[in-house]
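Here is a brief report on one protein model. Look over the sequence and the structure first, then read on.

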Amino acid sequence: MVKKIFCYFFKKKLKKMKKIIYPGKLGKKIYKNISKKAWKKWINKQTKIINEKKLNTNKKKDIKIIEKKMKKFFFKN
């Protein structure tokens, strides 16, 4: 049986991710509150952000920018 959670992003029950896919507290929050479908939507958005702003995921300041956008995307903070 497929495990479902109430997805904060879509505001309905959807398939849960199989494992924590992002590190730290943010990763745990995403795992508990964000569906697999919403995560896929974020990956597409993240790719656009990285390309448009020419971000480097090896730089801490660029990772901070991505995380800020991720929080806003999922939790509207």
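## A buried glutamine

Gln46 counts as buried, at 17% relative accessibility. Buried means under 20% relative accessible area, exposed means over 50%, and partly exposed lies in between (1.4 Å probe, protein chains only). Gln46 sits in helix H2. Leaving aside residues up to four places away in sequence, Gln46 touches Ile66 and Met70. A contact here means heavy atoms within 4.5 Å.

## Basis of the model

This is a predicted model: local features need pLDDT of at least 70, side-chain atom pairs count only at pLDDT 80 or more, and totals for chains, interfaces and linings use all residues. Residues are numbered from 1 along each chain as its sequence is written, and side-chain values use heavy atoms, with hydrogens and water left out.

## Overall fold

The protein chain has three helices and two strands. Along the sequence, the pattern is β-β-α-α-α. Helices (H or I, at least four residues) and strands (E, at least two) are DSSP runs, numbered from the N terminus.

The C-alpha atoms fill a box of roughly 40 × 20 × 20 Å, taken along the principal axes. The chain has 77 residues, and 31% of them count as buried. Take the contacts between residues at least 6 apart in sequence: 50% of these join residues at least 24 apart.

## Surface and positive patch

The protein chain exposes about 6,200 Å², and carbon and sulfur atoms supply 54% of that area. Accessible areas come from the Shrake-Rupley method with a 1.4 Å probe; for residues, only the protein chains shown count as cover.

Lys12, Lys37, Lys41, Lys45, Lys48, Lys53, Lys68, Lys69 and Lys72 form a positive surface patch. Patch residues have over 30% relative accessible area and no salt bridge, and like charges are joined within 9 Å. Lys and Arg count as positive. The place of a Lys charge is taken as NZ.

Which helices each supply at least two residues of the patch? They are H2 (36-53) and H3 (60-75). The largest share, five residues, comes from H2. Lys45 is located in helix H2. Lys45 is partly exposed, at 41% relative accessibility.

## One salt bridge

Side chains of opposite charge can pair when their charged atoms come close. A salt bridge is a side-chain nitrogen of Lys or Arg within 4 Å of a carboxyl oxygen of Asp or Glu. The whole structure holds one salt bridge. Lys61 forms a salt bridge with Asp62, with the closest N and O atoms 3.9 Å apart.

Are these two residues buried or exposed? Lys61 is exposed, with a relative accessible area of 58%. Asp62 is buried, with a relative accessible area of 5%.

Conventions:
Patch = residues over 30% accessible without salt bridge, like charges linked within 9 Å, V, L, I, M, F, W, Y side chains within 5 Å.
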